[in-house]
Amino acid sequence: MPDPRTPLISGNWKMNLDHFEALRTLQKLAWLVPKDVLSKVDVSLHPPFTDLRTLQTSIEVDRMEFLLGAQHCHHETKGAFTGEVSPVFLAKLDVKLVICGHSERRELFGETDEMVNAKVKAIFAHGMTPIMCVGETLAEREAGETEAKVLGQVVAGLQGLKKEQVAAMVIAYEPIWAIGTGKNATAQDAQSVCASIRAAVAASFGAEAGASVRIQYGGSVKAGTVAELMAQPDVDGALVGGASLDPDEFAQIIAIAAEH
Ligand code: PGA
């Protein structure tokens, strides 16, 4: 069967780049990434909230093909949630993809599987696509618990979704020990966990959802490592942190992904 899944490379800028810096980074990327490359790979950019309006305007005015993304949102649409951002506001800014359940949010801000599940539903309810992150700690990996942890997060995060929703979403496998550390899972390890995620999705939501869901690998992805990852049959893209802040390196990653 031909692979129906367009690769997706996502730049998670985390708490980096103010709106001036973000705009410069976007413009440099637009200059470095040729249009024909963007016909072969989807690219989403996930800046801090304060940069979204600036990037939205530039993407729209200059008709860029980058997809605007966010790093987080609340599951309610409005109300007394000081400091939080509604999915309605993101949709209004033409945000297409929203990361949820990133390990930094789970670890540092106490997000639970239940909260992640509520966010996934809220993101869909407002016409956007979730990128749901899952991954194990080093201790869990060393104890042989990688699959139990990751598949547990997958099942909990997808609870109550329709199969068409699961088919349309993105799951990012990000081993926590590989994030921002310069260590990355081997391409074979990434493939093995991504294949298990796809099998778990197929078991719960049907073969079609399993075949369509896009699964990214994340954790210290660089221009030098992305080709081997993208060559794996169940790895459909990458969620890139540090290396996405450098337009030259990120453009290389995008170009390499477009070849797969
Ligand atoms: P990294 O971050 O590429 O800097 O490891 C990835 C992520 O946290 O999404």
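The crossing of helices H1 and H13 is right-handed, a crossing being called right-handed if the near helix is turned clockwise from the far one by less than a right angle, and left-handed if anticlockwise. The model is a predicted one, in which local features need pLDDT of at least 70 and side-chain atom pairs count only at pLDDT 80 or more, while totals for chains, interfaces and linings use all residues. Residues are numbered from 1 along each chain as its sequence is written, and side-chain values use heavy atoms, with hydrogens and water left out.

**Packing of H1 and H13**

- Helix H1 covers residues 19-32 and helix H13 covers residues 247-258, and the two pack at an angle of about 45° with their axes 9 Å apart; helices (H or I, at least four residues) and strands (E, at least two) are DSSP runs numbered from the N terminus.
- That angle makes H1 oblique to H13, since angles under 35 degrees count as roughly parallel, over 145 as roughly antiparallel, 65 to 115 as roughly perpendicular and the rest as oblique.
- The axes are lines fitted to C-alpha atoms, for helices over the stretch in contact, and the angles run from 0 to 180 degrees between N-to-C directions.
- From H1, the residues Thr25, Lys28, Leu29 and Leu32 meet Pro247, Asp248, Phe250, Ala251 and Ile254 of H13, where contact means heavy atoms within 4.5 Å.

**Glu249 in H13**

- Glu249 also belongs to helix H13, and its C-alpha atom is separated by 10 Å from that of Val221, which lies 28 residues away along the chain.
- When neighbours within four places in sequence are left aside, Glu249 is in contact with Lys222, Ala223 and Ala243.

**Gln71 and its surroundings**

- Gln71 sits in the loop between strand E3 (67-70) and helix H4 (87-92), and its side chain reaches the backbone oxygen of His46 at 3.0 Å.
- A polar atom of the Gln71 side chain also lies 3.4 Å from the backbone oxygen of Pro47.
- Apart from neighbours within four places in sequence, the residues in contact with Gln71 include Asn12, Trp13, Lys14 and Ile99.

**The ligand**

- There are 13 residues around the ligand, of which Lys14, His102, Glu174, Gly180 and Ser220 come nearest; a residue is near a molecule if one of its heavy atoms lies within 4 Å of it.
- An oxygen atom of the ligand is 2.6 Å from a polar backbone atom of Gly180, and an oxygen atom of the ligand is 2.8 Å from an N or O atom in the side chain of Glu174.

Conventions
A polar contact is a pair of N or O atoms within 3.5 Å; within protein, one must be able to donate a hydrogen and the other to accept it, and residues adjacent in sequence count only if both atoms are side-chain atoms.
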